[in-house]
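Please look over the sequence and structure below. A short report on selected local features follows.

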Amino acid sequence: MGIMEKMRLDGKKAFVTGGARGIGKSIAQALAEAGADVALVDLDLAEAEKTAAALQKETGRELFAVKADVTSPEEVDSMIDAVLARFGRIDAAFCNAGICKNIPAEEMSLEDWKQVVDINLTGVFLTAQAAGKVMIKQGGGAIVNTASMSAHIVNVPQPQCSYNASKAGVIQLTKSLAVEWASKNVRVNSISPGYIGTELTLSSPSLAPLIEQWNAVAPLHRMGRPEELQAIAVYLAGDASAFTTGSDFVIDGAFTCI
């Protein structure tokens with residue numbers, strides 16, 4: 001099989017959490033364009049359904065929306081059941097849902113801290129764990145967790161200690177799962193995006209001054225685009241990455257190099 005054939009995902013079944021918009025939507029689009037059928041998992045069911053319908057029309061693949069709170073084991077299990085009922089198997093799982101709160105550490109409440117960690121780290125664990133159980137039973141699969149360049153550096157000037165800590169945890173969780181499940185043919189990797197210009201980010205007036213500061217020091221003097229994460233997502237989901245597990249891929253335009 002040639003490399004281009006290995007990069008195809010024909011016949012594979014996948015899900016993406018946080019799939020209604022932004023990075024998740026872009027990843028889902030790439031998976032579908034490569035031939036996979038994809039479930040979009042999101043709290044915003046209406047937006048997920050809208051995205052699924054648009055991508056299905058665009059790619060010709062089967063896409064559907066599932067509502068789930070990734071911090072709830074029961075909702076995660078129900079989501080997995082819904083995906084299995086529709087697809088019969090899970091070949092690739094993208095644990096992408098996440099939030100960020102910019103609050104000075106000395107002012108951060110325990111509630112704010114726990115919400116970020118619960119979604120960004122515990123949510124990834126619960127989703128990866130549930131997907132991993134299915135993949136172990138079926139003989140293999142690929143799990144991809146969305147970490148961040150914030151796991152490697154401390155972003156400035158925004159105060160986001162809970163986000164940075166949670167994303168660093170995602171990388172170590174990824175490595176741990178990769179080692180535990182290597183003999184079971186379940187690969188686990190993470191993607192660490194830099195600043196990505198999603199529709200939500202670019203349309204936020206409060207972020208405009210920060211974006212100017214980020215771009216001023218960024219080696220490429222711009223934010224990344226969601227579609228610039230698509231190639232690595234397709235690679236990690238398919239057979240081309242059969243020897244790739246336990247790795248973190250920093251896609252940040254060299255921001256963490258400075």
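## Serine 162 in helix H6

Serine 162 sits in helix H6, which spans residues 161–181. Helices here are DSSP runs of H or I with at least four residues, strands are E runs of at least two, and both are numbered from the N terminus. This is a predicted model, in which local features need pLDDT of at least 70, side-chain atom pairs count only at pLDDT 80 or more, and totals for chains, interfaces and linings use all residues. Residues are numbered from 1 along each chain as its sequence is written, and side-chain values use heavy atoms, with hydrogens and water left out.

How accessible is serine 162? Its relative accessible area is 0%, so serine 162 is buried. Buried means under 20% relative accessible area, exposed means over 50%, and partly exposed lies in between (1.4 Å probe, protein chains only). Leaving aside neighbours within four places in sequence, serine 162 is in contact with Lys101, Met108, Trp113, Val116 and Val117. Contact means heavy atoms within 4.5 Å.

## Cysteines

How many disulfides does the structure hold? It holds zero. A disulfide is counted when a pair of cysteine sulfur atoms lies within 2.5 Å. Cysteine 95 is in no disulfide; the nearest cysteine sulfur belongs to cysteine 100, 19 Å away. With 1% relative accessibility, cysteine 95 counts as buried.

Cysteine 161 is in no disulfide either. Its nearest cysteine sulfur is that of cysteine 100, at 10.0 Å. Cysteine 161 is partly exposed, with a relative accessible area of 32%.

## Helices H2 and H3

Two packed helices are described by the angle between their axes and the distance between the axes. Helix H2 covers residues 22–33 and helix H3 covers residues 45–59; their axes come within 10 Å and cross at roughly 30°. That angle makes H2 roughly parallel to H3. Axes are lines fitted to C-alpha atoms, for helices over the stretch in contact, and angles run from 0 to 180 degrees between N-to-C directions. Angles under 35 degrees count as roughly parallel, over 145 as roughly antiparallel, 65 to 115 as roughly perpendicular, and the rest as oblique.

H2 passes H3 in a right-handed crossing. Right-handed means that the near helix is turned clockwise from the far one by less than a right angle; anticlockwise is left-handed. On the H2 side, the contact is made by Lys25, Ala28, Gln29, Ala32 and Glu33. On the H3 side, Thr51, Leu55, Glu58 and Thr59 take part. By class, the contact of H2 with H3 has three nonpolar, three polar and three charged residues. Ala, Val, Leu, Ile, Met, Phe, Trp, Tyr, Cys and Pro count as nonpolar, Asp, Glu, Lys and Arg as charged, and the others, Gly among them, as polar.

## Helices H4 and H5

Helix H4 (residues 73–87) packs on helix H5 (residues 110–138) at an angle of about 40°, with the axes 10 Å apart. H4 is therefore oblique to H5. The crossing of the pair is right-handed.

H4 brings Pro73, Val76, Asp77, Met79, Ile80 and Leu84 to the contact. These meet Leu126, Thr127, Ala130, Ala131 and Val134 of H5. The contact of H4 with H5 divides into nine nonpolar residues, one polar and one charged.

Serine 192 lies in strand E6. It counts as buried, at 0% relative accessibility. Not counting residues up to four places away in sequence, serine 192 touches Ala147, Ser148, Met149, His152, Ile171, Asp248, Phe249, Val250 and Ile251.

Glycine 194 lies in the loop between strand E6 (186–193) and helix H7 (199–202). Glycine 194 is buried, with a relative accessible area of 13%. Leaving aside neighbours within four places in sequence, glycine 194 is in contact with Met149, Ile251 and Asp252. Glycine 194 and alanine 147 are 47 residues apart in sequence, and their C-alpha atoms are 9.8 Å apart.

## Backbone details

Valine 156 and proline 157 are joined by a cis peptide bond, with omega about 5°. Proline 157 lies in the loop between strand E5 (141–146) and H6.

Asparagine 185 is not a glycine, yet has a positive phi of about 65°. It is found in the loop between H6 and E6. Alanine 254, also not a glycine, has a positive phi of about 70°. Alanine 254 lies in the segment after strand E7 (248–251) and is partly exposed, with a relative accessible area of 31%.
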